[in-house]
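Biologist: I would like to learn how to read side-chain pairing and packing in a model. Could we take the charged pairs and then the core?

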Amino acid sequence: MTSDDPAPSLVTVDGIEGRLARVELPDGTTEDWSLASLPTGVREGDVVRLHVEGGDLEMEIDHAETAQRRQGAQAQLNALNRPASVGEEIDL
């Protein structure tokens, strides 16, 4: 991320490896950011809200959005793992 780029409002931490965090931008692309540049305690799967105040970029973990996305992902996983009823066709 450069200071000339417009800051996206939400990014998702896709993975953490060493001192780098791979973040997914709103357009679906990924970038490696320094883990130190993200809020303290950030974890994989967290949604980070970005906003500019007084010319400074501020970041915070959006716990509500993170929980909502985790619940959505879990619901999809549960649906995929649900046993098929007898005679039910699987629609691929």
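Modeller: Gladly, and a word on the basis comes before the features. This is a predicted model, in which local features need pLDDT of at least 70 and side-chain atom pairs count only at pLDDT 80 or more, while totals for chains, interfaces and linings use all residues. Residues are numbered from 1 along each chain as its sequence is written, and side-chain values use heavy atoms, leaving out hydrogens and water.

Biologist: Which residue forms a salt bridge with R22?

Modeller: Side chains of opposite charge can pair when their charged atoms come close. A salt bridge here is a side-chain nitrogen of Lys or Arg within 4 Å of a carboxyl oxygen of Asp or Glu. R22 pairs in this way with D14, the closest N and O atoms lying 2.9 Å apart. R22 is partly exposed at 34% relative accessible area, and D14 is partly exposed at 39% (buried is under 20%, exposed over 50%, partly exposed in between, with a 1.4 Å probe and protein chains only).

Biologist: Which parts does the salt bridge between R70 and D46 tie together?

Modeller: Their side chains meet at 3.5 Å, N to O. R70 lies in helix α1 (residues 63-81) and D46 in the loop between β3 (30-34) and β4, so the pair links parts 24 residues apart in sequence. Helices (H or I, at least four residues) and strands (E, at least two) are DSSP runs, numbered from the N terminus. D46 is buried at 4% relative accessibility, whereas R70 is partly exposed at 34%.

Biologist: How many residues make up the largest nonpolar core?

Modeller: Eleven, among them V11, W33, L38 and I61; such a core is a set of buried Ala, Val, Leu, Ile, Met, Phe, Trp, Tyr and Cys residues joined through side-chain atoms within 4.5 Å.
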